[in-house]
Amino acid sequence: FLKHIKESRKLLFVLAYNDFKQQYLGSYLGIVWAVLRPALFIAVIWFVFTHGFKSRPTDDDTPFALWLLCGMIPWFFFAESVSKGMSAIVSSAYLVKKVAFRVSILPLVKVLSSLGIHLVLVTLLVLAFLLHGFFPTVYWLQLPYYILCTVVLALGLGWLTSSIRVFVKDVGEIIGVVIQFGFWLTPIFWSFKIIPEQYHYLIKFNPMVYVVEGFRDTFIYQVWFWEKGADTLQFLAMTGFFLVVGAIVFKRLRPHFGDVL
């Protein structure tokens, strides 16, 4: 698979670019919507928790807006990648029926399409920290690691869900519900401090907890990912599981895609 990606990297990026362009084609604001939608949602959450509830999930000196952004931005990328990856095969039926085309790259195309906006939002996150007087540190170098973690996790889930979606349409509704529950079960606008410590291990079965906390460790708390050895091993084990299971299921079901579509 990695060899095929290297050989067809130009095609991969062309497909990702076309998918990204098609998503906003025909709208007056175009690509602006890609940034405007998450920005408006973040603004609503920020307003509710700062002026509505008038409470802060943390007691440190970090501005709540920055703390919130470190959770929302990686979650938006993950949620969009999984949602689009799940429909990768169904939405590209014309490519699936081509004998010479390797359909296993289609979920990755969707992830890369979402990655473009994610990088823009991450850039805005960096600018926000700079404007608030946070100077770059060596810990910022681990940011690509957490982005790569999200990409690999989304790819594994994309293989698994997209292959099953061809045969079971209900998968789309199930993934939508899981993403909604996952948003509230991920410490995006709440902190581990409100959860009794004996239940922390249950929350950490959500792999995005590791990524969200990793963004905050990178920008705010200045903690290397290897300093959280147990959490890193748990995340890599879960990601590896989804990647292997997704690849096996995809490979077994792939010969039947053309017949169903």
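The model holds 20 aromatic pairs, where rings of Phe, Tyr and Trp (its six-membered ring) pair if their centres lie within 6.5 Å, and planes under 30 degrees apart count as stacked, over 60 as edge-to-face and the rest as tilted. This is a predicted model, in which local features need pLDDT of at least 70 and side-chain atom pairs count only at pLDDT 80 or more, while totals for chains, interfaces and linings use all residues. Residues are numbered from 1 along each chain as its sequence is written, and side-chain values use heavy atoms, with hydrogens and water left out.

A pair of aromatic rings is described by the distance of the centres and the angle of the planes. Two of the pairs are set out here.

| Pair | Centre to centre | Angle between planes | Class |
|---|---|---|---|
| Y139 and W224 | 4.7 Å | 35° | tilted |
| W184 and F189 | 5.1 Å | 85° | edge-to-face |

Why does the pair of Y139 and W224 tie together parts that are 85 residues apart in sequence? Y139 lies in the loop between α6 (106-131) and α7 (143-165), and W224 lies in the loop between α10 (207-221) and α11 (229-253), so the pair links these two parts. Helices (H or I, at least four residues) are DSSP runs, numbered from the N terminus. Y139 and W224 are both buried; buried means under 20% relative accessible area, exposed over 50%, and partly exposed in between (1.4 Å probe, protein chains only). In the other pair, W184 is exposed at a relative accessible area of 52%, whereas F189 is buried at 8%.

Y139 and W224 also belong to one aromatic cluster, together with Y145, Y146, Y210, F225, W226 and F235.

K84 is in helix α4 (residues 64-86). With 14% relative accessibility, K84 counts as buried. Leaving aside neighbours within four places in sequence, K84 is in contact (heavy atoms within 4.5 Å) with D19, Q23, K110, S113 and S114.

Two packed helices are described by the angle between their axes and the distance between the axes. For α6 and α10 the angle is about 30° and the axes are 12 Å apart; axes are lines fitted to C-alpha atoms, for helices over the stretch in contact, and angles run from 0 to 180 degrees between N-to-C directions. α6 and α10 are therefore roughly parallel to each other, a class for angles under 35 degrees, with over 145 as roughly antiparallel, 65 to 115 as roughly perpendicular and the rest as oblique. From α6, the contact is made by H118, V122, L125, V126 and F129, and from α10 by F215, F219 and I220.
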